[in-house]
Amino acid sequence: MTTTTNQLPDNPYLLLTPGPLSTSKKVKAAMLRDWCTWDQDYNQLVQSIRSRLVTMASSKPDDYTTVLMQGSGTFCVESVIGSVIPKEGKLLVLTNGAYGKRIAQMAEVLGIYSIVLDAGETKPVNVKQLEEVLKVDSSITHVALVHVETTTGMINPIADAARIAKQYGKTLIVDAMSSFGGIPIDVAALNIDYLISSANKCIQGVPGFGFIIARKESLKACKGLSRSLSLDLYDQWETMEQGNGKWRYTSPTHTVRAFDQALQELEEEGGVARRFERFTRNQQTLVAGMQRLGLQTLLPSELQSPIITSFLYPDSPVFSFDEFYSRIKQEGFVIYPGKITAAATFRIGNIGDIHLPDIERLLAGIERQLFWKMS
Ligand SMILES: *Cc1c(COP(=O)(O)O)cnc(C)c1O
């Protein structure tokens, strides 16, 4: 029998979900002490995390800064959308799934003038249309898009979108929630102004906060723009800078300590490039195994990220996702329902402390549970 560190008595199943996800035992163990939120030890930990994230994200670390923000990833996206667009600004959102739509929804709730270019759920965001619109509408000031649309597992062409946005002088916001730390991204090379991710995705920490990698020159212009007090990105940044790692309001101390451990484990693994290889191997092994069992992916491989994969329901009247889910859970894995209207799908993530033997055990478990093929 294959064993992994995740097969502990207190961990009855592995999470194959895109966050919260399966974390290492050491990440969980790092939370077994209390930290004072304004003590120097803790603030130094925060500063170290901030600078390691900038180095990871940018080939020009001096031009960028990291702001940590309480809450789940959505709170961090909302802090950017609500804090960086002036009253007279206008946001263009490129969408092809639920997370892109959520950005558009934020703009609506916050009363930000915006337009949405939707590509549908199974096509990459439309960069050609972006250029056509930017050519004629000079009132647009900001462009936002999602890197990996976790709704389907699609990887969007951020380099192409970034090139066009910059050609027209727009501020660029990228939701890289489910990709940062698992897919190499250089914010300086892509000219990204704000990149958003969270603790509980590819860096393999536990939930509780997210972070924004921001170009200093862009963020400096945002004082007083925020439409929210607690989600004010500029104020949070200023407090962290002036207080040497101090947060405004209670910080998620245990989560931050666990994140520090998770970052260390990412470094020990060999950095983002090595992690990208592991996730890619996991994903390719998963798809090859599923296809062998007669299950097909929603997306063609060229649009597919190494993060999470959507599979079409098998073509059988007997198939029910609820039954499939509970059978696979008994095998020791939690999978994810689908989230699109275009087709009936379920999703399997392969990020987190998940390794090839785990994927092989999963495939063996699924093979035992092909109930729609049994009679
Ligand atoms: C996970 C995720 C988010 C944030 O979701 P939360 O539930 O708030 O953590 C945002 N965008 C993308 C692409 C995501 O995968």
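Pro20 sits in the loop between strand E1 (14-15) and helix H1 (25-29), and a cis peptide bond joins Gly19 to Pro20, with omega at about -10 degrees. This is a predicted model, in which local features need pLDDT of at least 70 and side-chain atom pairs count only at pLDDT 80 or more, while totals for chains, interfaces and linings use all residues. Residues are numbered from 1 along each chain as its sequence is written, and side-chain values use heavy atoms, with hydrogens and water left out. Helices (H or I, at least four residues) and strands (E, at least two) are DSSP runs, numbered from the N terminus.

**Backbone features to look for**

- Most residues other than glycine have a negative phi, and most peptide bonds are trans.
- Asn191 is not a glycine, yet has a positive phi of about 60 degrees.
- You will find Asn191 in the loop between H7 and E9, and Asn191 is partly exposed, with a relative accessible area of 32%.
- For that term, buried means under 20% relative accessible area, exposed means over 50%, and partly exposed is in between (1.4 Å probe, protein chains only).
- Tyr249 is not a glycine either, and has a positive phi of about 70 degrees.
- The loop between helix H9 (233-242) and H10 holds Tyr249, which is partly exposed at a relative accessible area of 47%.

**The ligand and its surroundings**

- Where does the ligand sit? The ligand is in the largest pocket.
- On a 1 Å grid over the protein atoms alone, a pocket is an open set of points where a 1.4 Å probe fits, with protein on both sides within 12 Å along at least five of seven lines; a cavity is a set that the probe cannot get out of, and lining residues have an atom within 4 Å of a point.
- A molecule sits in a pocket or cavity if more than half of its atoms lie within 2 Å of its grid points.
- Residues that surround the ligand include Ser72, Gly73, Thr74, Tyr99, Arg102, Asp175 and Lys201; a residue is near a molecule if one of its heavy atoms lies within 4 Å of it.
- Helix H3 (73-84) and helix H4 (98-109) each supply at least two residues of this shell.
- In the side chain of Ser72, an N or O atom is 2.5 Å from an oxygen atom of the ligand.
- Lys201 has a polar side-chain atom 2.7 Å from an oxygen atom of the ligand.
- From the backbone of Gly73, an N or O atom lies 3.3 Å from an oxygen atom of the ligand.
- Of the 380 Å² of accessible area that the ligand has on its own, the protein covers 86%; such areas come from the Shrake-Rupley method with a 1.4 Å probe, and for residues only the protein chains shown count as cover.

**Salt bridges**

- Side chains of opposite charge can pair when their charged atoms come close.
- The whole structure has 16 salt bridges, each being a side-chain nitrogen of Lys or Arg within 4 Å of a carboxyl oxygen of Asp or Glu.
- Asp260 pairs with Arg52 in a salt bridge whose closest N and O atoms are 2.2 Å apart.
- Because Asp260 lies in helix H10 (residues 253-269) and Arg52 in helix H2 (residues 40-57), this pair ties together parts that are 208 residues apart in sequence.
- Asp260 counts as buried, at 10% relative accessibility.
- Arg52 and Asp260 also belong to a network of salt bridges that links them with Arg257 and Glu267.
- Arg215 forms a salt bridge with Asp193, and their closest N and O atoms are 2.9 Å apart.
- Arg215 lies in strand E10 (residues 209-215) and Asp193 in the loop between helix H7 (187-190) and strand E9 (194-198), so the pair ties together parts that are 22 residues apart in sequence.
- Buried or partly exposed: which describes Arg215? At 17% relative accessibility, Arg215 counts as buried, and Asp193 is buried too, at 3%.

Key: Polar contact = N/O pair within 3.5 Å; in protein donor to acceptor, adjacent residues only side chain to side chain.
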